[in-house]
Amino acid sequence: MTERVLSGMQPSADSLHLGNYLGALVSWIDLQESCDAFFFIPDMHAVTVAQNPAELTERVRRTAAQYIAAGIDPERSTLFVQSHVPQHAQLAWVMICQTGMGEAGRMTQFKDKSAKSGSEHAGVGLFTYPMLQAADILLYQPHSVPVGEDQKQHVELTRNLAQRFNHRYGETFRVPELTVPQAGARIYDLQSPTAKMSKSAESPNGLLNLMDTDKRMAKKIRSAVTDDGAEIRFDREAKPGVSNLLSIHSALSGKSFEQLEDEFAGKMYGHLKVDLAEIVVERLGPVRDRALELLDDPAELDALLARGAQKARAAAEPVLADVYQKLGFLPAAA
């Protein structure tokens, strides 16, 4: 039996960044070769904070285009938009009703995000979105869920909710395994190399975006923060800036840290930056160009997503029907 995996990234910016690419997309591309892969764009999660509607529509398309341009094949993977599959919202309500207030209140992401604007301004959707995330996962009965470190707590909640529902109503959900991709999972901000690369970066120069121009990519690499001294070696504690550049180089070139240290022995930071800029442009430039081609034909892109949503609904419908039957919901008359 082919194992099923599921993952997604929010459409919260005009471009994915290098951390998204190396920390998620690269491993997704490998997974679709051996697994029944479901990849989605969680636009319902995006509206837990205020969104400009036209901007959200565009960002969903841009995210989908970047998935495909990076190597996600809609013929081999099921690629879809969350809001195109109504079963996500329907199962989310069931998951909310299975979750205790204390359990939901312990979610650290809610604490962190609500603290920024004050808990009195945080929407209920922000509080309950881990239950929607549980529904996202359990609808498709995946064997594993590849996520970043910041989402581990939510997948643990999903596992708990699946086990709780199975105990109360009978075997229904597969309890998914949590996997954290190892290759490239930690790419740091180019301007603050002790902070993880993130869309919420303090400076846009710290983000290496997939949709940046070649010139912009190279400039960001050349202006990346380095460290005292001149030796090029990997030492995350003593030399976070250089170590981050070496991590990016290693992930894109396939060379080990030892090989890179030998290659740049006796050279200056500028040499590393010039070489890395060439590699980044060579790798990411074609991804950007392909994404722009896809965005030039939004009707065809939307058609691809519609076909993916149809496949996703076909997988989700029987799972939700089983849940509704076990809960005792009266079936709708034909």
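Keep in mind that the model is predicted.

Let's take two of those pairs in turn.

F234 and F257 make a stacked pair, at 4.0 Å centre to centre and 10 degrees between the planes. Here too, distant parts of the chain are linked: F234 belongs to the loop between α9 and α10 (240-253), while F257 is in helix α11 (residues 257-263), 23 residues apart. F234 counts as partly exposed because its relative accessibility is 29%, and F257 is also partly exposed, at 26%.

There's a cluster as well: ring pairs join F38, F40, F80 and Y140.

Now for α9. Which residues of helix α9 are buried? In this helix, which spans residues 214-222, they are M217, A218, K220 and I221. These residues lie on the same side of α9, because they cover an arc of only 160 degrees around the axis. As background, an α-helix has 3.6 residues a turn, so residues three or four places apart point the same way. Turn to the other side of α9 and you'll find K215 and K219, which are exposed.

What do the buried residues of α9 pack against? Their partner is α12 (269-295). Two packed helices are described by the angle between their axes and the distance between the axes. For α9 and α12, the axes come within 9 Å and cross at roughly 150 degrees, and the crossing is right-handed. On the α9 side, the residues in contact are D214, M217, A218, I221 and R222. Across from them, α12 brings K273, L276, A277, V280, V281, L284, G285 and R288.

Next, the backbone. Most residues other than glycine have a negative phi. Q141 isn't a glycine, yet its phi is positive, at about 50 degrees. You'll find Q141 in the loop between α7 (124-138) and β4 (144-146). Q141 is buried, with a relative accessible area of 17%.

G105 lies in helix α5 (residues 101-105) and is partly exposed, at 26% relative accessibility.

If you're wondering about cysteines, how many disulfides does the count come to? The answer is zero disulfides. For reference, a disulfide is a covalent bond between the sulfur atoms of two cysteines. Of the cysteines, C35 is buried, with a relative accessible area of 14%, whereas C97 is partly exposed, at 47%.

Here are the accessibility values in one place:

| Residue | Relative accessibility | Class |
|---|---|---|
| C35 | 14% | buried |
| C97 | 47% | partly exposed |
| Q141 | 17% | buried |
| G105 | 26% | partly exposed |
| F234 | 29% | partly exposed |
| F257 | 26% | partly exposed |

Notes:
Residues are numbered from 1 along each chain as its sequence is written. This is a predicted model: local features need pLDDT of at least 70, side-chain atom pairs count only at pLDDT 80 or more; totals for chains, interfaces and linings use all residues. Side-chain values use heavy atoms; hydrogens and water are left out. Buried means under 20% relative accessible area, exposed over 50%, partly exposed in between (1.4 Å probe, protein chains only). Helices (H or I, at least four residues) and strands (E, at least two) are DSSP runs, numbered from the N terminus. The arc is that of the directions from the helix axis to the C-beta atoms. Contact means heavy atoms within 4.5 Å. A disulfide is a pair of cysteine sulfur atoms within 2.5 Å. Rings of Phe, Tyr and Trp (its six-membered ring) pair if their centres lie within 6.5 Å; planes under 30 degrees apart count as stacked, over 60 as edge-to-face and the rest as tilted. Axes are lines fitted to C-alpha atoms, for helices over the stretch in contact, and angles run from 0 to 180 degrees between N-to-C directions. A crossing is left-handed if the near helix is turned anticlockwise from the far one by less than a right angle, and right-handed if clockwise.
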